Amino acid sequence: MNCDDITRLVHDYGTGRLPDPERRSYGDHLHSCSACQGFLRRCSELDCKDFIAFLDDYVDGVLSPERREVFEFHLGICPDCTLYLAQYQKTMRLAAETREAEQQLDAAPPELLHAVLAALKTDRATDS
Ligand SMILES: [Zn+2]
Ligand SMILES: [Zn+2]
């Protein structure tokens, strides 16, 4: 196993999905490679729970640059969170579209409203 494998498999390793023989050689490489130890330390700066906790801030663009960097680093190594982010953004887009549609309704021309109100009044007048 080389340093590339360590980077590639870090998510499987961290989530316990890496099968045993590979897991052992992963650990062996880690012990002997300070570069990969540093890499793993960076990975542990932010886990999936933190990722979800800061997702709102990330999408709103209010994360500090340092946080943002750790955040994007996590995205690079975690397919779960990449997927989660994509779904989140889709949901946000849908919500925004719904809001837009509602705003268009609010912005209905006043003539139309008057016409509706007038029609209602005539209806009531003919009723009585
Ligand atoms: Zn290495
Ligand atoms: Zn994650």
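This is a predicted model: local features need pLDDT of at least 70, side-chain atom pairs count only at pLDDT 80 or more; totals for chains, interfaces and linings use all residues.
**Close-up views of helix packing and zinc sites**

View 1. Helix H6 spans residues 65–77 and helix H7 spans residues 79–106; the two axes come within 5 Å and cross at roughly 110 degrees. On the H6 side the contact involves His74, Leu75 and Ile77, which meet Pro79, Cys81, Thr82 and Leu85 of H7. By class, this contact has 5 nonpolar and 2 polar residues, with no charged ones.

**View 2. The zinc ion (ligand 2) is held by four protein donors: Cys48, His74, Cys78 and Cys81.** The donor atoms are SG of Cys48, NE2 of His74, SG of Cys78 and SG of Cys81, at 2.0 to 2.3 Å. The 4 donor atoms subtend angles of 102 to 113 degrees around the zinc ion (ligand 2), so the arrangement is tetrahedral. The spacing of the donor residues in sequence is C-x25-H-x3-C-x2-C. Cysteine 48, in helix H4 (residues 48–53), and histidine 74, in helix H6, lie 26 residues apart, and the pair links distant parts of the chain. Two of the donors can be described by their accessibility. Cysteine 48 counts as partly exposed because its relative accessibility is 30%, whereas histidine 74, at 5% relative accessibility, counts as buried. His74 and Cys81 also take part in the contact between H6 and H7.

**View 3. The zinc ion (ligand 1) has Cys3, His29, Cys33 and Cys36 as its protein donors.** Cys3, Cys33 and Cys36 each contribute SG, and His29 contributes NE2; the donors lie 2.0 to 2.3 Å from the zinc ion (ligand 1). The site is tetrahedral, with angles of 104 to 112 degrees among the 4 donor atoms. Along the sequence, the donor residues of the zinc ion (ligand 1) follow the spacing C-x25-H-x3-C-x2-C. Histidine 29 has a relative accessible area of 13% and is therefore buried. Cysteine 33 also counts as buried, at 12% relative accessibility.

**View 4. Helix H3 (residues 34–43) and H6 have axes that come within 10 Å.** The crossing angle of these axes is roughly 110 degrees, which makes H3 roughly perpendicular to H6. Phe39, Arg42 and Cys43 of H3 make the contact with Glu69, Phe73 and Ile77 of H6. The residues of the contact divide into 4 nonpolar and 2 charged, with no polar ones.

Definitions and conventions. Residues are numbered from 1 along each chain as its sequence is written. Chains are lettered from A and ligands numbered from 1 in the order in which they are written. Side-chain values use heavy atoms; hydrogens and water are left out. Axes are lines fitted to C-alpha atoms, for helices over the stretch in contact, and angles run from 0 to 180 degrees between N-to-C directions. Helices (H or I, at least four residues) and strands (E, at least two) are DSSP runs, numbered from the N terminus. Contact means heavy atoms within 4.5 Å. Ala, Val, Leu, Ile, Met, Phe, Trp, Tyr, Cys and Pro count as nonpolar, Asp, Glu, Lys and Arg as charged, and the others, Gly among them, as polar. Donors are N, O and S atoms within 2.8 Å of the metal (3.2 Å for Na, K and Ca); water is not among the atoms, so sites may look incomplete. Four donors count as tetrahedral if all angles lie between 85 and 135 degrees; four count as square planar and six as octahedral if opposite donors are over 155 degrees apart and all others between 65 and 115; anything else is irregular. Buried means under 20% relative accessible area, exposed over 50%, partly exposed in between (1.4 Å probe, protein chains only). Angles under 35 degrees count as roughly parallel, over 145 as roughly antiparallel, 65 to 115 as roughly perpendicular and the rest as oblique.
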